[in-house]
Amino acid sequence: MNHASKCILSSKCTLANSESCNAHCGHFIALHGLNGISGRVAGVNTPKDYRLVTASNSPARAEQAEVYRAVDAYIKTFERQFDVEGAGGASTRVKSLYLFSGNPGTGKTTTASALLNEWLIAHYVGSIKRGLQPLQQPAYFVDVNAFQTDYNLATMTNDDAGMVAIKATIKRAQQAPFAVLDDIGVRSASEAFRAYIHAIINYRTTNGLPTIYTSNLPIEDMAQVFDERLYDRMRDMCLEISFVGESKRGRR
Ligand SMILES: Nc1ncnc2c1ncn2[C@@H]1O[C@H](COP(=O)(O)OP(=O)(O)OP(=O)(O)O)[C@@H](O)[C@H]1O
Ligand SMILES: [Mg+2]
């Protein structure tokens, strides 16, 4: 059975739609696993609905034309992940992006997922081309709201195993070569939870790791959500992109 419509690599793959395009393809398995649960695509933790979203097939693309011009240019910089450390200084680093809209449902999470998948594709294809073993988890998606719910549950129930999982998530989010922090406008977060998100962002900015933030709050508000110092670091090497229009939720 042809797997092109199920495979994140299909737009880049010369075998797409050929007879070899099937569930036994080694690259398909590397990305999507044997059962759709394991594999790198599931491993980076993108929400289920957005697993196969890329910049070219993103439903937000048509409406957010300006945004996607910037997105297309940004994706071209993903090849820099293979540059030798420090070769060109900060100018060759991959920047961070802050995806903002005051209105909900404008395509921020969709676009962040597309960017994460594009990074995964660039990492996988780029590694194979260079004869390198692609990382098992080259990127990581954090749904900050879901993470906060998990955190609240673990603390409320004194769940030690739950807290171990929370700590593991923090570590992965800190160290991933590329990360999405989806919905960081956590106005209602407790002081303790906010400190965790602070620790993640602080680690990533200090180490020059690119991050896609999405938020319903303008980036300036991060000075209050976190503090001036972190806000200053977030703005460094970061492009703010505004999404326009009303909510498109439920319009599929
Ligand atoms: N421009 C668009 N055209 C068509 N559908 C869209 C567009 N933008 C988003 N959608 C769809 O609307 C739904 C919500 O999109 P998404 O989750 O990306 O919004 P969001 O900006 O992250 O919202 P929130 O601020 O609530 O987190 C998704 O199902 C998505 O596919
Ligand atoms: Mg969202």
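Predicted model: local features only at pLDDT ≥ 70, side-chain atom pairs only at ≥ 80, totals over all residues.
View 1. Local features need pLDDT of at least 70, side-chain atom pairs count only at pLDDT 80 or more, and totals for chains, interfaces and linings use all residues. Residues are numbered from 1 along each chain as its sequence is written, chains are lettered from A and ligands numbered from 1 in the order in which they are written, and side-chain values use heavy atoms, with hydrogens and water left out.

**View 2. Polar atoms at ligand 1.** A polar side-chain atom of Thr110 lies 2.5 Å from an oxygen atom of ligand 1. A polar backbone atom of Thr106 is 3.1 Å from an oxygen atom of the ligand. For an N or O atom in the side chain of Asn216, the distance to an oxygen atom of ligand 1 is 3.2 Å. Taken alone, ligand 1 exposes 630 Å², of which the protein buries 88% (Shrake-Rupley method, 1.4 Å probe).

View 3. The buried residues of helix 6 (residues 160-175) are Gly162, Met163, Ile166, Thr169, Ile170, Ala173 and Gln174. They lie on the same side of the helix because they cover an arc of only 130 degrees around its axis, taken from the directions from the helix axis to the C-beta atoms. On the other side, Asp160, Ala161, Val164 and Lys171 are exposed. Buried means under 20% relative accessible area and exposed over 50% (1.4 Å probe, protein chains only).

Definitions and conventions: Helix = DSSP H or I, 4+ residues; strand = E, 2+ residues; numbered from the N terminus. Expected span 1.5 Å × (residues − 1). Polar contact = N/O pair within 3.5 Å; in protein donor to acceptor, adjacent residues only side chain to side chain.
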